[in-house]
Amino acid sequence: MNTEQDDIRQGAARVLSSIRETRPLVLSLTNSVVQPITANMLLAVGAAPVMLCDAEEAAELLGAGCSALLLNVGTLSRAQEPAMRSAARAAREHGVPWVLDPVAAGLLRYRTDFCAELLGLHPTLIRGNASEILAMAGEGNAGRGTDSTAGSADAVPAAQKLARKFGAAVLVTGEVDYATDGETVEAVHGGHPLMTRVTGVGCAMGALSAACLACAETPLQAAVATACILGDAGAAAAARAPHPGSFAVALLDVLDSLWK
Amino acid sequence: MNTEQDDIRQGAARVLSSIRETRPLVLSLTNSVVQPITANMLLAVGAAPVMLCDAEEAAELLGAGCSALLLNVGTLSRAQEPAMRSAARAAREHGVPWVLDPVAAGLLRYRTDFCAELLGLHPTLIRGNASEILAMAGEGNAGRGTDSTAGSADAVPAAQKLARKFGAAVLVTGEVDYATDGETVEAVHGGHPLMTRVTGVGCAMGALSAACLACAETPLQAAVATACILGDAGAAAAARAPHPGSFAVALLDVLDSLWK
Amino acid sequence: MNTEQDDIRQGAARVLSSIRETRPLVLSLTNSVVQPITANMLLAVGAAPVMLCDAEEAAELLGAGCSALLLNVGTLSRAQEPAMRSAARAAREHGVPWVLDPVAAGLLRYRTDFCAELLGLHPTLIRGNASEILAMAGEGNAGRGTDSTAGSADAVPAAQKLARKFGAAVLVTGEVDYATDGETVEAVHGGHPLMTRVTGVGCAMGALSAACLACAETPLQAAVATACILGDAGAAAAARAPHPGSFAVALLDVLDSLWK
């Protein structure tokens, strides 16, 4: 009897079905390391990925039928800043939901400050590990590289605070994922340690959450669905492929056929 | 009895053999999302990929034994423009054949204008989906992200017009691929829908067409060979691997052994 | 009886065990084509990869517990120069060992000059093919794209000269890999031609050598361990997967379980 996790899975299955039917166009301004796996994960769930660099093009696309936006600061540069700002503003103007993934915020000053600025443009959903969410909530925790040095449960109060302050859903990822809109907190179990042994799975999760935002009823439901889809797919892929090279391949295959 | 497709396959097999024997050096100035699959697809067919960023280096390499060039505007930026211009001019000066892949032209103004400028530098071959070819021919069709909203057959007259106007071969890709030099039109059947579920297969096709240009007798033959090589490989890979993660792996494996 | 290669393998196994235990944080400022495979290869051996673009962030991370640094000039640009300079200086200041991978040095003037400047910042280890090492030692050999036109044995005297002049270990890679600290020269046999048919294996080897520097007793031992780990893994992967797509996947799987 695990009815809560069953309810979560049914909700996530509805969101995934909707992604497959409506093929939302997701613009990802993300770090250069993870662009291929991000686009491939969006394609695997049935979404339509777009990536570009130019600030004018970003604004133009967001006014021309784009369904959701991801901003990921993993390889932030002075050259990339204008496109990110332009995209966040255009998303707000056109009512396009958007995700902020504050990679390594708290560890490096430049991106931490820039993410604080982006928070002011009101992301619909914020996805991070515990260290990143603590840093975004102003509760300093540096992390180590892109890894968290805190457990995800430790960041739940900070996630709630962040959600309430900026009117966003927050998804804290870790061994257990937690989604909150500031009031409700949902825990999603699942996943597999191999997901941390392939570069970009966490970052692609941010893009998946953008696709879910385009198809879910609420940002909280999108956050929960993201965690559930990727958790189930990760566990199934690890059962097939116990090493990281073949695991990455299996993860895309599983996402293509998940819950069908 | 399908002698026309058999003739096409025999011509393509000669081009592929020549790529494997001569290992043409192909410089790709392409979008950041598809750099890995582009290089890996070139390596899989036996070509030697080179990528770089700097305008002076691009010109230097094109004067130092480079066999063909690809320009793909998928993540065009103000910073990338000078290298693309420099490369196109150096290719022309040194008689190196080059390919223009006008990704999402017609949808976004900045790249559409830049591609129009590049057309004036006389690409040897232009590869695009129907929406992109219609846009390049001045017959507005916006597409949706990187996807065409028109069928490839609909763009054949525009492809012929474009080919005649700029003295280039044009390859329109879709469910059926069409190659033309302005007069002759060749239809190439094959391929598989999974090719649209892996990021960069279409863009890597542009790089493959550059390798074919280095080894074919005419630009039209290169365009036909490109469509035939990738179409046969895609169909064979999909028969082995019906999901996108393993399909991408199988596609490279199949290209390595195609028609051997 | 091949006791020398056995000794080499035992030393390499100790280095690999130490990487798995200590999980060194390796900052790679590398070319955009190979970022995913570089991060994935580091993850496969148990290291923690970080990549970023900004000069201030690079310096900040090198002062905050970073274990080793790689600079790879494969897609060098004017925009990337400041981060590379900043990182090399910060590495020196904080005693963090670092690797220079002078991709295509000797072939293209801009990067050749920049690599000469970086040599003056005293890399701990230099990894290149024969053409690149000859060029760095001032013995002009242009190579062809990213491929060497000389055999690795031909570059051993130049490697020794380079090692002595800059106080670095030098790893010359090819059919046989040679590691030297200027005095001792170690030959490492192994590997497989498929390693040259997947983009970025050589570049990821530079990142692997940075991880080894963080865990070996001497730079020479790190260079030898790098060649031995990747050579053994490449041969084992090729035995499983004789085509390049599946070979790339198998290589990561093998690295994850090598010598366990």
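The model is predicted. In chain C, 8 strands form an open sheet with mixed pairing.

**Strand 4 of chain A**

- Strand 4 of chain A spans residues 98-101, and both of its faces are covered.
- In a regular strand the side chains alternate between the two faces of the sheet.
- On one side sit A:Trp98 and A:Leu100; on the other sit A:Val99 and A:Asp101.
- Buried or exposed, what are these residues of strand 4 of chain A? A:Trp98, A:Val99, A:Leu100 and A:Asp101 are all buried.

**Neighbours of strand 4 in chain A**

- Strand 3 of chain A (residues 68-72) runs parallel to strand 4 of chain A, and 4 bridges join the two.
- A:Asp101 of strand 4 stands opposite A:Asn72.
- Strand 5 of chain A (residues 125-129) also pairs with strand 4 of chain A, through 2 bridges, and the two run parallel.
- A:Leu100 has A:Ile126 of strand 5 as its bridge partner.

**β-α-β units in chain A**

- One right-handed β-α-β unit is made by strand 3, helix 4 (residues 81-94) and strand 4 of chain A.
- Strand 4, helix 5 (residues 109-119) and strand 5 of chain A also make a right-handed β-α-β unit.

**The sheet of chain C**

- The strand order in the open sheet of chain C is 2-1-3-4-5-6-7-8.
- Which are the edge strands? They are strand 2 (48-50) and strand 8 (185-188) of chain C, each pairing on one side only.
- Neighbouring strands of this sheet are turned by 20° against each other on average, direction ignored.
- Strand 1 (residues 25-29) and strand 3 (residues 68-72) of chain C run parallel, joined by 4 bridges.
- C:Leu29 has C:Leu71 in strand 3 as its bridge partner.
- Helix 4 (residues 81-94) of chain C packs on the sheet and touches strand 1, strand 3 and strand 4 (98-101) of chain C.
- The direction of helix 4 makes about 150° with that of strand 3 of chain C.

- Two copies of a chain are related by a rotation about an axis and a shift along it.

Technical notes:
Residues are numbered from 1 along each chain as its sequence is written. Chains are lettered from A and ligands numbered from 1 in the order in which they are written. This is a predicted model: local features need pLDDT of at least 70, side-chain atom pairs count only at pLDDT 80 or more; totals for chains, interfaces and linings use all residues. Side-chain values use heavy atoms; hydrogens and water are left out. Buried means under 20% relative accessible area, exposed over 50%, partly exposed in between (1.4 Å probe, protein chains only). Two strands pair if DSSP finds at least two bridges between them. A crossover is right-handed if, with the strands pointing away from the viewer, the path from the first strand over the helix to the second runs clockwise. Axes are lines fitted to C-alpha atoms, for helices over the stretch in contact, and angles run from 0 to 180 degrees between N-to-C directions. Contact means heavy atoms within 4.5 Å.
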